[in-house]
Amino acid sequence: MISMETLERVGRLAELEIPENQREAARQDLEKMVTFVDVMKELNVKNVEPLYQVTAERAGTQNILRDDVVTEGEAREALLGNAPKRRGEFASVPKTFA
Amino acid sequence: MKILDLTAVELAERIRRGEIDAMESLEAVFERISEREEQLHCYLVLDREGARAKARELQKRRSAGEGLGLLAGVPVAVKDNLCTKGMRTTCGSRMLENFVPPYDATAVWNLRNADAIILGKTNLDEFGMGNTTESSYFGLTRNPWNEERSAGGSSGGSAAAVASGECYAAIGTDTGGSVRQPASHCGVVGLKPTYGTVSRSGLIAYCSSMDQAGPVTRDVRDSAAILGVIAARDPKDATSLHRDDLSFMEDIPQDVEGIRIGIPADNSGNGLDPEIREAIWSVAMALKERGALLEEFDLGITKYVVPAYYTIACGEASSNLERYDGMKYGLRVSADGLQETYRKTRTAGFGAEVRRRILLGTFALSEGYYDEYYLTAMKVRRLIRDAYDKAFLKYDVLLGPTSPIVAPKLGETGMEPLASYLADVYTVPANLTGMPAMSLPCAIHSTGLPIGVQFTAALFQEKTLFRVGMAWEQAREKRQSQKRDVADCNSRNWQGKTE
Amino acid sequence: MSENGMNEKCTKKEYETVIGLEVHVELSTRTKIFCGCAATFGAPPNTLVCPVCLGMPGTLPVLNRRVVELAMAVGLALGCDVTRTTRFDRKNYFYPDNPQNYQISQLYLPICRNGWLGIGEGDEERKIRIHELHAEEDAGKLTHDEEGRETLVDYNRAGVPLIEIVTEPDLKNAGEVIAFLEKLRMVIGYLEASDCKLQEGSMRVDVNLSLREVGSERMGTRTEMKNLNSFRAITRAIDAEAKRQKELLDAGEGILQETRRWDDQKGVSYSMRSKEDAQDYRYFPDPDLPPVVISEEWIQSVRNALPEMRDEKKERFVREYGIPAYDAGVITQSVHLARWFEQTAALDILPKKVSNWIMGEGLRLLREKEMDPGDVRLSPEHFAALIRMNEEDEITNAVAKEIFAKAIDEDLDPESYVKANGLMTMRDDFLLRETVKKVIAENEKSVTDYKNGKEKALGYLVGQTMKAVRGQVLPAAVTAMLKEELNA
């Protein structure tokens, strides 16, 4: 039900490596999980609105907005202090293509 | 009374009044830690010096006549997925092995402000994903009641630390039961507040629409006190609520006269241990004796709660964990080029369970499958909430087991992940719906392990949880020596008459 | 005809170009869209950052109210419907300029929909339909290190608010596209929502282009073009792509749906490396941001707060200031130009004089100095004084123009400047006569030419005299004096 192609595509999207010798096991794992959640299809949800936020409506927390006022921007050291690689004021990452 | 036997509230009172020196209780905790920590492994980070410095500072302020905060001098442990400024925060993962946040989670900041002493960071399942605390990159945590057994998860470290006296109270996080279930396995009290009550700013996200930090404590009163401290509307979290009903300690009635308790029928073969079922009914009977009205009923949707939970949680998690890529912080595995770096870093940085859930979540969100899986799960979520809304028209609180099993043997789970997922069946509804729920100890299993009872209330009704919880605590004290009455488990209607 | 319907020798098919645009505009708010960092351009790298816009663990976005209001304002000015419940969604893709590896954008419920913008005038006006307008966050800036194997990231821009305006494929050629963009830029400029500078990146344009057989309902395969950093590049890219696609279709080949990068130096586009599944962004509603519910009252208040737009202002200028419609049209092309005019004309000066200066010397200098009308520094008071001094012949035209050119980008007080530099119009007949005599003496040939009937030679002599007096004598006086001396 979950093809190897699907597994590989999902792995690529998630930027995870699945070594050759683990692929079948990973595919089976994914298939088992998908089969497990498939039981939801028994329910008729055609006219049901999805519930993305559990308390927003009920607590009136819609329109939580911020004023357009500058707050301190102090994180340069925080960023660069934690960055695996840096070059002066920049974070350095492996070369990208445009 | 031995100093370690005090509750957090009792300790804070005495410290505020000057009857106890904050250093005294702190050293008692350190002594307990030196006795048991090596076996239990509750902590990933212990900050003895920082804790002592805070205790000294509190004593100084007290001597100067200053009033101290609500949790004055209480040694508290914090689960290691809540950011602590200047203190390593790893989420139990190799990915963040050396990550030191320059900011506190708002919940942590609130604890500090109330003069609690942050002892350190407790062990957890990696990124909060799991229910046995065996998937931590830094080793597992053992149950203080039986060291061959799991402490539950994902807040296993927090629960084990409270249960063993390695702290007076702890904060955990609950996405699918991760505060309540370890509390149940370790014989302590665990609360998941209404979603949005405690700010998620600084809580390293697993499932954003369900994550909530909550207290793990020795009793209900401590739970209420700590909730009052960590709950507040936070402008840094757009999903956090303003609540003006957070002073829980004062006006909580001590009785359950007329409280309507609904007991969801256990009809879906969840593998519920018969001793646990018995223990739950015993609680029900005790409350009935004190004037509560009981009724069993059918929720009708129990079969779908775990699938909906995993689809949504893994979906959101797969997106929340995309930021761990070796570029800005955390682990980076050097490789040839950008994409290789992403892949090698993430594959090396995340453990097997995390990778498994990321794959499921990515699948559930992907083109061609989104409607069938993630969107469907969100719709099923509404149906589940509707079922609970309907129940709360008739009942004030729901009662049931926290877990179908007691603490499992270490090393048994993890082989078949799906099996362990099913054990979440009683806890995930509160996460899916946002409702508050609490687990309390109710009995000891024949294996010598604790059994937990779970109360669930409607949105914003923590007060009802505290009320019922305290009533049970009083009843339990009385019943300590009484045998359980098996015949009582057959009562089914309001009048307590057998059908 | 050969079997697949394509042919080599028979009539080539007629195609028409079909163009749709995706325009990204950086909003001029003080802070970023989801955090309180300043959103200014040009700061030192990684100084306008915080844990939120760096995507650090545990951080959460909170929406900037001003972004919602500006997005609504632009939408309303473009005749859009405002979506009453609008939401943000995550667009997931891995790239180092994107700290969370997802961009918070809007897919399912964009804030505005179904508007239009007219290009052309009167009967020739065409309505270009706007499909939707939504808000989203910008990414950081990558600097590619040529020799090294690393790329440097500056996160200052990460989280700066953008609105994206998506048109229907209603545009037909490069000329229409430029007209559309200029009009869009004007509207947004009037709202002061952005300075829309292509070169600075505060406006970015992606062009979607396909060819459709004339008379057919069926759309061709379209390509997307990026890296269009000037109007010139846009025009060249459109023409080149239409040509490229036509050549492929004529040769019987298909068009590949892809994204192409325009290289303006070389005048060609290149296919951007694309993987088969690169397009799966897995959009889902961002759980950290509750929906924004926009009430009728809020829409009304934004509508009421909309400034006077171009057409209104143009008509008002004609009415209130009595300047011709043509002048009003030119001046109101930019809200800054219009403001400059109005603030000056409000002082005790003839509006037509002001508009003449702006349309003449003003526009010329702005073009020459590559300045935007918003960058003009000459204050209305000083501008009015300058014009007045010129009108009253206190300073000559030449001197006035010289001062204007200096003051336009760094304000100065013309009265004190003129005094300090001795630039007043000379009225000393004696000195003038001496100067004229000198010029005549030094330019025998021109004098001879003039005396032989060549009027042009007089102009030359006037020029030479003007030079000698540094322009500080009224040309009429110079001409009169020259004639007098020449005819003497």
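Author: What follows begins with the sheet of one chain and then turns to the other chains.

The model is a predicted one, and the description should be read with that in mind. In chain B, 11 strands make up an open sheet of mixed pairing, and their order across it is S1-S3-S2-S6-S8-S7-S12-S13-S11-S9-S10. Strand S1 (43-46) and strand S10 (293-297) of chain B stand at the edges, and because each has a single partner strand, one side of each is left without a neighbour in the sheet. On average, and with direction ignored, neighbouring strands of this sheet are turned by 30° against each other.

Within that order, strand S2 (residues 75-79) and strand S6 (residues 169-174) of chain B are joined by three bridges and run in the parallel sense; here B:Val78 is found opposite B:Ile171 of S6(B).

Two helices lie across parts of this sheet. Helix H2 (residues 22-40) of chain B lies across S1, S2 and strand S3 (117-122) of chain B, and its direction makes an angle of about 20° with S3(B). Helix H12 (residues 371-394) of chain B, for its part, lies across strand S9 (260-264), S10, strand S11 (397-401) and strand S13 (450-457) of chain B, and runs at about 115° to S11(B).

Strand pairing also links two other chains. Strand S3 (residues 90-94) of chain A is mostly covered, with five of its five residues buried. Strand S2 (residues 86-87) of chain A runs antiparallel to S3(A) and is joined to it by two bridges, one bridge pair being A:Arg86 with A:Ala91 of S3(A). The hairpin of these two strands has two residues between them, and in it A:Gly88 takes a positive phi near 65°. S3(A) also pairs, in the antiparallel sense and over four bridges, with strand S10 (residues 150-154) of chain C, where A:Ser92 has C:Leu152 as its bridge partner.

As for chain C as a whole, it holds 15 helices and 17 strands. Its radius of gyration is 29 Å, well over the 23 Å that the globule rule gives for 488 residues, so chain C is more spread out than a compact globule. The C-alpha trace of chain C spans about 90 × 65 × 55 Å along its principal axes, and 53% of the 488 residues of the chain count as buried. Chain C exposes about 23000 Å², of which carbon and sulfur atoms supply 48%.

Notes
Residues are numbered from 1 along each chain as its sequence is written. Chains are lettered from A and ligands numbered from 1 in the order in which they are written. This is a predicted model: local features need pLDDT of at least 70, side-chain atom pairs count only at pLDDT 80 or more; totals for chains, interfaces and linings use all residues. Side-chain values use heavy atoms; hydrogens and water are left out. Two strands pair if DSSP finds at least two bridges between them. Axes are lines fitted to C-alpha atoms, for helices over the stretch in contact, and angles run from 0 to 180 degrees between N-to-C directions. Contact means heavy atoms within 4.5 Å. The radius of gyration is taken over C-alpha atoms; the globule rule is 2.2 Å times the number of residues to the power 0.38. Buried means under 20% relative accessible area, exposed over 50%, partly exposed in between (1.4 Å probe, protein chains only). Accessible areas come from the Shrake-Rupley method with a 1.4 Å probe; for residues, only the protein chains shown count as cover.
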